[in-house]
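The following exercises concern one protein structure.

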Amino acid sequence: MYFETFLAECWKNGNRIGRHLLYDIKNRGYTGSRTNLERLLKVWREAKNIQPGEPPPDMDVSEPVRDPDTGHMISSVVAAALCIKPRGMLTDRQARKVNALKQGSTVFAIMRGLAMRFKGVLRSRNSEALAKWIDDAIETELTATCVSPAFCAGILMPSKMQSNSLGG
C-alpha cells in the first residue's frame, strides 16, 4: 500500500514512466520486479483507456492501516485473507484487524461487503441475486482497479457451468 500511495502521488505529478518510477521506489526499499510495477501501471492505464500521459483513475490512497494490537502495518496479503473470511470465523485479534481495515480503508470496506454478499449469492444459487451483485459491484467503480474484468465477463457469460452452479 505504501508504494501504491507513493506511485499514485508520482503519477498525479506527471511521473508516469515505468523505469523512472521503479528507480524511485527501489530507492525507498521496493524489492519487487519491474514486471509487477508494470502490471499496476497497466491497470491504471486501462481502467478508463488512460494513455501514458494521463493521470490514473481516482484511488483510495489512504494511509496504511495499522494492526491495533501491534501497531505494525497490515500487509495486503493479510488484508486480502481477512476480506473474504466471514465474521463468525474470525479470531478476536482478526476481528480487530478487520474493524481497523474497515475504518481505515473505504476500498477494503466495500470489497469485504461485496465478498460477503458474493458468498451468499453462491450459496443461494440465485441468478437474479447474482445479476444484482454484478450491477452493485460495477456501480462501486472498484471493478476497474480491484476486480478482474475477465472475472466479471466469466460471470456474465452464459455457460453450462454457470447454469449448473446457479441452479439454472
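**Exercise 1. The surface and the overall make-up**

Solution. 
Step 1. The structure is a predicted model, in which local features need pLDDT of at least 70 and side-chain atom pairs count only at pLDDT 80 or more, while totals for chains, interfaces and linings use all residues. Residues are numbered from 1 along each chain as its sequence is written, and side-chain values use heavy atoms, with hydrogens and water left out.
Step 2. The order of elements from the N terminus is α-α-α-α-α-α-α-α-α.
Step 3. Of the 168 residues, 32% count as buried. Buried means under 20% relative accessible area, exposed over 50%, and partly exposed in between (1.4 Å probe, protein chains only).
Step 4. Contact means heavy atoms within 4.5 Å. Among contacts between residues at least 6 apart in sequence, 51% join residues at least 24 apart.

**Exercise 2. The packing of H5 and H6**

Task: Determine how helices H5 and H6 are oriented to each other, and list the residues through which they meet.

Solution. 
Step 1. Two packed helices are described by the angle between their axes and the distance between the axes. Axes are lines fitted to C-alpha atoms, for helices over the stretch in contact, and angles run from 0 to 180 degrees between N-to-C directions.
Step 2. H5 covers residues 92-104 and H6 covers residues 106-124; their axes are 5 Å apart, at an angle of about 120 degrees.
Step 3. Angles under 35 degrees count as roughly parallel, over 145 as roughly antiparallel, 65 to 115 as roughly perpendicular and the rest as oblique. H5 and H6 are therefore oblique to each other.
Step 4. From H5, the residues Val 98, Leu 101, Lys 102 and Gly 104 meet Thr 106, Phe 108, Ala 109 and Arg 112 of H6.
Step 5. This contact of H5 with H6 holds 4 nonpolar, 2 polar and 2 charged residues. Ala, Val, Leu, Ile, Met, Phe, Trp, Tyr, Cys and Pro count as nonpolar, Asp, Glu, Lys and Arg as charged, and the others, Gly among them, as polar.

**Exercise 3. Helix H4 and its two partners**

Task: Describe how H4 is placed relative to H6 and relative to H5.

Solution. 
Step 1. The axes of H4 (residues 76-83) and H6 come within 9 Å and cross at roughly 40 degrees. H4 is therefore oblique to H6.
Step 2. Ala 79, Leu 82 and Cys 83 of H4 meet Phe 108, Met 111, Arg 112, Ala 115 and Met 116 of H6. By class, the contact of H4 with H6 has 7 nonpolar, no polar and 1 charged residues.
Step 3. For H4 and H5, the axes come within 10 Å and cross at roughly 100 degrees. H4 is therefore roughly perpendicular to H5.
Step 4. Here Val 78, Ala 79 and Leu 82 of H4 make the contact with Gln 94, Lys 97, Val 98 and Leu 101 of H5. The contact of H4 with H5 divides into 5 nonpolar, 1 polar and 1 charged residues.

**Exercise 4. Cysteines and disulfides**

Task: State how many disulfides are counted, and describe the surroundings of Cys 83.

Solution. 
Step 1. A disulfide is a pair of cysteine sulfur atoms within 2.5 Å. By this rule, the count is 0.
Step 2. Cys 10 is buried, because its relative accessibility is 11%. Cys 83, in helix H4, is buried as well, at 10%.
Step 3. Cys 83 touches Phe 108, Met 111, Arg 112, Ala 115 and Met 116, not counting residues up to four places away in sequence. Between Cys 83 and Ala 115, which are 32 residues apart along the chain, the C-alpha separation is 7.1 Å.

How values were computed
Helices (H or I, at least four residues) and strands (E, at least two) are DSSP runs, numbered from the N terminus.
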